[in-house]
Amino acid sequence: MKYLLLSVAIVLSALVSAQSVNYEATRKASASIEDKVIEWRHHLHENPELSNREFETAKYVEKHLKALGMEVRTGVAYTGVIGILKGDKPGGVIALRADMDALPVIEKVDLPYASKVKTTYLGKDVGVMHACGHDTHVAMLMGAAEILSARKAEIAGTVVFIFQPAEEGAPKEEGGGAKMIVEEGIFDDYKIETAFGIHINSQTPVGQVNYKPGGAMAASNPFKITVKGKQAHGSAPWASVDPVVAAAQIILGLQTIVSRQMDLTREPVVITVGKIEGGVRNNIIPNEVTMIGTIRTLDRKMKAEVFERIKKTATSIAESSGAEAIVEIQDGTLITYNDPEITRRLMPAVVATAGEDNVNLVRPITGAEDFSYYAAKVPSLFVFLGGMDPAMNRADAPGHHTPDFRVDDRGLRLGVEIYTNIALDYLSGRTK
Ligand SMILES: [Zn+2]
Ligand SMILES: [Zn+2]
C-alpha cells in the first residue's frame, strides 16, 4: 500500500516536473549519439579489465571527458576517473556513477566483440569478461557526459561524473571501489548532494526500469564461526566435546533466526553457511570446526539485530554442549538504500523519460552493490535498467556473472537519457 501511494505520488509529480526539463532535446541528442555509444560499449566489452586494473578503460574515459572540455581528475581510488561539469549558472551538485570493472569469467557468447582477454587471478589462468554489464554503464555515462556538456547553458550547478573502479571487489590487500572514493574525499571536495546510479539487468526487457525505495540491495557481511571442543576417539564421544555436532546444531539454529525471530514482513534476511570444515578421518572427533558464510540484510536495524542474534545463538548452543563458539562478523558492503525523499524527487524524471508504463516497483535484491557507500554518504538513488532482448524469454536470459551473460545494445539509449535527465531535472531545482 505504501508503495502504491508512493507510485501514485511519483506519477503525479512526473506530470508536474515534465515541464521543467526539455526531454525532447535529450531524446534527439541520444538518438544522434546512439551508434557511438554502442561502439564505445563494444570496444569496452572487447577489452575488459579486472577490478583495480582498469588502466586502459580509465584512459578511454579520460580522453573522452577531456575532449568534451571537462575538468578531469584521474587516479582516484587507483584507476577512477572523475569529470566535473560546471553549468553556466550556480546551483546544486549531483554525482552520476558508472562502475568500470569486469570479472574473471571466460566469455562464451557468440558476438563479434566478445572478449578474448586472458589473465591470471589469484594464481589461476582466467578469462576476463564484462559479465555484469559495467561496460554498458561506462558507455551510457560517456554518452550522458557528451549530451550534458553541450547543454551547459541549461545547467544550474555541477554534475560530477564518477567512473569508479572495483565494484566487484578489489584484491583484498588493496581495497578500493566506492568505499575508497568516499574515503578519498570526493564527496566533500565537490560538495556532492546526491548520487545517482544505474545497473543494467540482463533479465529485464529493454525499455523497462525497475526501482525500489528504501533498501534496494542488501548489505553483505561475511562471517566466520569457530567451534572449539575437545578431541577424542570416534568410538568414545562421551570423552569428547564434539564440535561437529555442535556446529550442526548451530547451522540449524541460525536458520531459525531467519524463520522464527526476524520480522520478515519488514524486509527479508538471509543467513547462508557456505563452507564447513573440521576433522581429518572417520574415527576421530576433532577439537575444532570452522564455518563461513554470508549475511544479507536490507534494513539497518534488522542488520544490527541479526548480528546480535547470530552471536547469541552460536555461543549459547556451543555452551550447552560444553563447547565454545567464536563468532566473527566482518565488514562488507552496506545496504544500497534509496532515500525515500530523493527517490520521490528523482523518479519523476525517470518516469518522464522511460514512460509511465515502463517503470516498475520491484522487490529488493539480496545481492550487494558498492554504490551503497555513496548512499550512506548522501541521499541517493539506484535503479535497474532493462538489457534483455524483448523477444527473449526471461527464464532463458542468462544471469549476471555467467559466461553466457549478454546485454542487448538497444537498452543503452534509455540509460543515456535517464542519466542526462536526472541531472538536468535535479539541478533545474524545480522539483526541489
Ligand atoms: Zn554489477
Ligand atoms: Zn556484478
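Okay, some housekeeping. Residues are numbered from 1 along each chain as written, chains are lettered from A and ligands numbered from 1 in written order. Because the model is predicted, local features need pLDDT of at least 70 and side-chain atom pairs 80 or more, while totals for chains, interfaces and linings use all residues, and side-chain values use heavy atoms, without hydrogens or water.

So, which protein atoms hold the zinc ion (ligand 2)? The donors are Cys 132 (SG), Glu 168 (OE) and His 401 (NE2), 2.1 to 2.3 Å from it. A donor here is an N, O or S atom within 2.8 Å of the metal (3.2 Å for Na, K and Ca); water isn't among the atoms, so sites may look incomplete. Cys 132 also bridges to the zinc ion (ligand 1), with the two ions 3.1 Å apart. Glu 168 sits in the loop between S6 and H5, and His 401 in the loop between S18 and H11, so this pair ties together parts 233 residues apart in sequence. Helices (H or I, at least four residues) and strands (E, at least two) are DSSP runs, numbered from the N terminus.

Now helix H3, residues 55–67. Thr 57, Ala 58, Val 61, His 64 and Leu 65 are buried, meaning under 20% relative accessible area; exposed is over 50%, and partly exposed is in between (1.4 Å probe, protein chains only). The face turned away carries exposed Lys 63 and Ala 67.

Terms used. Expected span 1.5 Å × (residues − 1).
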